[in-house]
Amino acid sequence: MDQITNVLYWLSTGLLIPVTLLLIFFLVRSLILIGSFYGTYLSRNKVNCALNRKIDEGNALQMLDELKEDPKRPAKIVECLMRVRHNHNNPIMLDKILGDYEIASEKDLDKSKLLVKIGPMLGLMGTLIPMGPALVGLATGDVASMANNMQVAFATTVVGIIIGAVGFITLQVKQRWVADDMNILGFMVDTLKEKNNEK
């Protein structure tokens with residue numbers, strides 16, 4: 001029995017370095033996500049306000065005619081609206097464009113979902129793994145070793161929570177963005193279908 005527990009102890013202790021490296025990797029990814037999230041936030045505020053204003057004014061179809069590629073605009077919504085414009089006479093293709101946008105949005109949301117799940121999980125592992133050696137240090141009177149292991153445990157917990165928080169906040173906002181974009185695209189597709197039926 002002692003051999004089995006020793007094997008488990010060394011296996012779990014050996015995971016500390018991979019867990020720490022993964023935490024650093026996902027922390028860098030969360031910082032990159034914050035940068036891209038902020039850039040998207042700045043660009044989409046103006047664009048979506050303009051799109052919704054055109055729709056409220058009843059100029060949705062005119063907006064499609066005036067639509068041009070603009071590097072300042074969020075590429076995803078503009079690209080989909082341009083595809084809607086080019087396929088306005090094909091209702092089946094319009095439905096496919098909506099489906100494609102939904103799939104692309106889910107893929108983008110998965111980046112934040114991964115951070116929400118993996119951050120706290122790695123943080124918890126990084127907390128529990130050094131606790132074993134810390135307790136051993138406490139039992140043997142090695143206070144310096146115990147303090148070092150506790151420092152690692154607390155640091156990994158904080159980093160894991162930061163990663164999860166970044167993922168959670170960006171996920172909540174991105175879900176609202178996707179709902180807004182789907183609302184705009186759905187309205188445009190329904191308007192074009194209605195116009196085609198009137199012909």
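Gly137 is buried, with a relative accessible area of 3% (buried means under 20%, exposed over 50% and partly exposed in between, with a 1.4 Å probe and protein chains only). Gly137 belongs to helix α5, residues 91-140 (helices are DSSP runs of H or I with at least four residues, numbered from the N terminus). If residues up to four places away in sequence are not counted, Gly137 touches Asp142, Val143 and Met146, where contact means heavy atoms within 4.5 Å. Asn149 sits 12 residues from Gly137 along the chain, and the C-alpha atoms of the two are separated by 8.9 Å.

A word on the source: this is a predicted model, where local features need pLDDT of at least 70, side-chain atom pairs count only at pLDDT 80 or more, and totals for chains, interfaces and linings use all residues. Residues are numbered from 1 along each chain as its sequence is written, and side-chain values use heavy atoms, with hydrogens and water left out.

Let us turn to the aromatic rings. The structure holds two aromatic pairs; rings of Phe, Tyr and Trp (its six-membered ring) pair if their centres lie within 6.5 Å, and planes under 30 degrees apart count as stacked, over 60 as edge-to-face and the rest as tilted. Phe25 and Phe26 form an edge-to-face pair, because their ring centres are 5.1 Å apart and their planes stand at 75 degrees. Phe25 is partly exposed at 42% relative accessible area, while Phe26 counts as buried at 8%.

The rings of Phe37 and Trp177 have centres 5.1 Å apart and planes at 15 degrees, so this pair is stacked. Phe37 lies in helix α2 (residues 16-56) and Trp177 in helix α6 (residues 143-198), so the pair ties together parts that are 140 residues apart in sequence. Both Phe37 and Trp177 are buried.

Helix α6 also holds Asp181. Asp181 is buried, with a relative accessible area of 4%. Leaving aside neighbours within four places in sequence, Asp181 is in contact with Arg44, Asn48, Ile77 and Tyr101.

Finally, the surface. Ile17, Leu21, Ile24, Val28 and Ile32 make a nonpolar surface patch of about 510 Å². Patches are made of residues with over 30% relative accessible area and no salt bridge, with nonpolar side chains (Val, Leu, Ile, Met, Phe, Trp, Tyr) joined within 5 Å and like charges within 9 Å; a salt bridge is a side-chain nitrogen of Lys or Arg within 4 Å of a carboxyl oxygen of Asp or Glu. Ile24 lies in helix α2 and counts as partly exposed at 48% relative accessibility.

Notes:
Helices (H or I, at least four residues) and strands (E, at least two) are DSSP runs, numbered from the N terminus. Accessible areas come from the Shrake-Rupley method with a 1.4 Å probe; for residues, only the protein chains shown count as cover.
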